[in-house]
Amino acid sequence: MANLIMLKMQRFLIAVALVFSTSSMSWAGLIKGDIVKFDRAGTVGGSTGGGEFAIHKLVSGNWQRLDVASFCLEFNEYVVLGERLVVGSVSDRAVLGGVGSGGLGDPLSAKTQFLYAAYASGQLSTAVTGYTRNAAWADSMQEAVWMLEGEITSFTKAHTQTLLTYANNYTGPLLNNVFALNLFREAVPIAALNAFNPSDMTTWDAVKAFHRQDQLYYVPPPITPSGAGTVPEPASLALWLSAGLMGSFLRFRRS
């Protein structure tokens, strides 16, 4: 009888671990090799030809929309709405294009990162007087990104100067959760894609013909409640839960 109960408990714990592990996988962000597409579903703005753009990731044959919209990094390159693209790198720079970029591409400025992080995290609504998520502010956001990245030298949208002033007041370091998505058409040769390194120009020629517009990408920081450490990822939580259940089971057996 005891062996049968033990067997059932083991199966239950395995099932719990699998559920949390699967959840962890579905929450994962973008990595090299992921298939994505961009469109304007649920977005605002776009009169500049840039963002907002909705990002969708292909997961087990289904498109999964990411929580945060994106904006263009290069002024003179384009993204084809709905086109299947492959992530070549989640990096710190735009590559293979852009106004005035050269050498090892165009590294993201800390001010661009700061502005986009404030937008993506919802902080602009409290940090910038009058900000609200609508077409006028989204178009100004795109212009501000291009200005900060040196892609344009003048702007026309109503709130661009306000956003630039906010961004230029930032004097801190580079952020570790705002990136450039280096994107390529899905037809890019696999070997060339695997070898691609945004910090190694010798790997660029083989993928250059397949390059698409680089996009901003935000990764939310870990949730840290007041007075507590970082919330564990689902897989870790499963292990803790499993350990607790097993401990309870062993205490039950002893009694």
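**Salt bridges and backbone**

Tutor: At 10% relative accessibility, Lys57 counts as buried, because buried means under 20% relative accessible area. Keep in mind that the model is predicted.

Student: Which residue meets Lys57 in a salt bridge?

Tutor: Lys57 sits in strand β2, and its partner lies in the loop between α1 (2-27) and β1, so the pair ties together parts that are 23 residues apart in sequence. The two side chains meet at 3.6 Å, N to O, and the partner of Lys57 is Asp34.

Student: Is Asp34 buried or exposed?

Tutor: The cut-off for buried is under 20% relative accessible area. Asp34 has a relative accessibility of 13%, so Asp34 counts as buried.

Student: How many salt bridges does a search of the whole structure find?

Tutor: The pair Asp34 and Lys57 is a salt bridge, and Arg93 forms another with Asp92. For the whole structure, the search gives a total of 5.

Student: How far apart in sequence are the parts that Glu83 and Arg212 tie together?

Tutor: Glu83 and Arg212 form a salt bridge, with 2.8 Å between the closest N and O atoms. Glu83 lies in the loop between β3 and β4 (85-91), while Arg212 belongs to strand β8 (residues 211-218), so the parts tied together are separated in sequence by 129 residues.

Student: What is the distance between the closest N and O atoms of Arg93 and Asp92?

Tutor: Arg93 counts as buried at 12% relative accessibility, whereas Asp92 counts as partly exposed at 40%. The two form a salt bridge, and their closest N and O atoms are apart by 2.8 Å.

Student: Where is the cis peptide bond, and what is its omega?

Tutor: Most peptide bonds are trans. The cis bond here joins Gly51 and Glu52, and Glu52 is placed in the loop between β1 (35-39) and β2 (54-59). Omega for this bond is about 15 degrees.

Student: What is the phi of Ser60, and is this residue buried or exposed?

Tutor: Most residues other than glycine have a negative phi. Ser60, in the loop between β2 and β3 (62-65), has a positive phi, near 50 degrees. Since exposed means over 50% relative accessible area, Ser60 at 73% counts as exposed.

Note on methods
Residues numbered from 1 in each chain as written. Predicted model: local features only at pLDDT ≥ 70, side-chain atom pairs only at ≥ 80, totals over all residues. Heavy atoms only, no water. Helix = DSSP H or I, 4+ residues; strand = E, 2+ residues; numbered from the N terminus. Buried < 20%, exposed > 50% of the residue type's maximum accessible area, 1.4 Å probe, protein only. Salt bridge = Lys/Arg side-chain N within 4 Å of Asp/Glu carboxyl O.
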